[in-house]
Amino acid sequence: MYSTNYSVAVNWLHNDFILCNNIPEIDPSVFDNMRFSLYRDDDDQDDDEDNDDDEKDTPSYELHHPDCDREIFQWYLTNCSDEDVAFLEEHFGLLFTYSDTLELYVLCVDHFGTSWSYVHCDTDLENAIREEGQER
């Protein structure tokens, strides 16, 4: 594995991204279509749920679940193709979901407060090696 930064990873294929943090409210399908898990072990989710009627109304995509590994802080609409998403997931570990309403992929950002060029990212692409803070 090589080291790069999140900015290099996100911009590797020169896709476009538009911040849309209210997409989960507009289209809840983004939770069902996540191409990654928010939880350490999906099998353990069912063990923690009660079977009474009140619990059945609780959304299964609760982002603040106690077993949650990650929280999504920013949501970006993209022009990524199926192939782009597969490539970025495989080579940089980026997180994506799909919006059924908008019929496009959404980049899910699970970190905040730091410039993307200072967020570490692993890659298997030698020509993507960058230091933290280094642009292109």
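Select Asp84 first. In this predicted model, Asp84 is buried and yet has no salt bridge. The nearest side chain of opposite charge belongs to Arg35, 11 Å away. Asp84 sits in helix H6, residues 82-92.

What does the side chain of Asp84 make a polar contact with? Show Asn15: the two side chains meet in a polar contact at 3.0 Å. Now display the contacts of Asp84 beyond four places in sequence. They are Leu13, Asn15 and Asn79.

Next, stay on helix H6 and pick Glu89. Glu89 forms a salt bridge with Arg35. The closest N and O atoms of this pair are 2.7 Å apart. Arg35 lies in the loop between helix H3 (29-32) and helix H4 (42-48), so the pair ties together parts that are 54 residues apart in sequence. Is Arg35 buried, partly exposed or exposed? Arg35 counts as partly exposed because its relative accessibility is 40%, between the 20% and 50% cut-offs. The salt bridge count comes to one.

Move to His111. Look in the loop between strand E5 (104-109) and strand E6 (120-123). His111 has a relative accessible area of 15%, so this residue is buried: the cut-off is under 20%. Which residues does His111 touch, not counting those up to four places away in sequence? Select Tyr6, Phe73, Trp116 and Val119.

Last stop: colour by pLDDT. The chain averages 85, and 79% of the residues score at least 70. Then select residues 43-62. Over residues 43-62, pLDDT stays under 50. The model has 11 contacts beyond four places in sequence for this stretch.

Notes. Residues are numbered from 1 along each chain as its sequence is written. This is a predicted model: local features need pLDDT of at least 70, side-chain atom pairs count only at pLDDT 80 or more; totals for chains, interfaces and linings use all residues. Side-chain values use heavy atoms; hydrogens and water are left out. pLDDT is the predictor's confidence in each residue, from 0 to 100. Contact means heavy atoms within 4.5 Å. Helices (H or I, at least four residues) and strands (E, at least two) are DSSP runs, numbered from the N terminus. Buried means under 20% relative accessible area, exposed over 50%, partly exposed in between (1.4 Å probe, protein chains only). Lys and Arg count as positive and Asp and Glu as negative; His and the chain ends are not counted. A salt bridge is a side-chain nitrogen of Lys or Arg within 4 Å of a carboxyl oxygen of Asp or Glu. A polar contact is a pair of N or O atoms within 3.5 Å; within protein, one must be able to donate a hydrogen and the other to accept it, and residues adjacent in sequence count only if both atoms are side-chain atoms.
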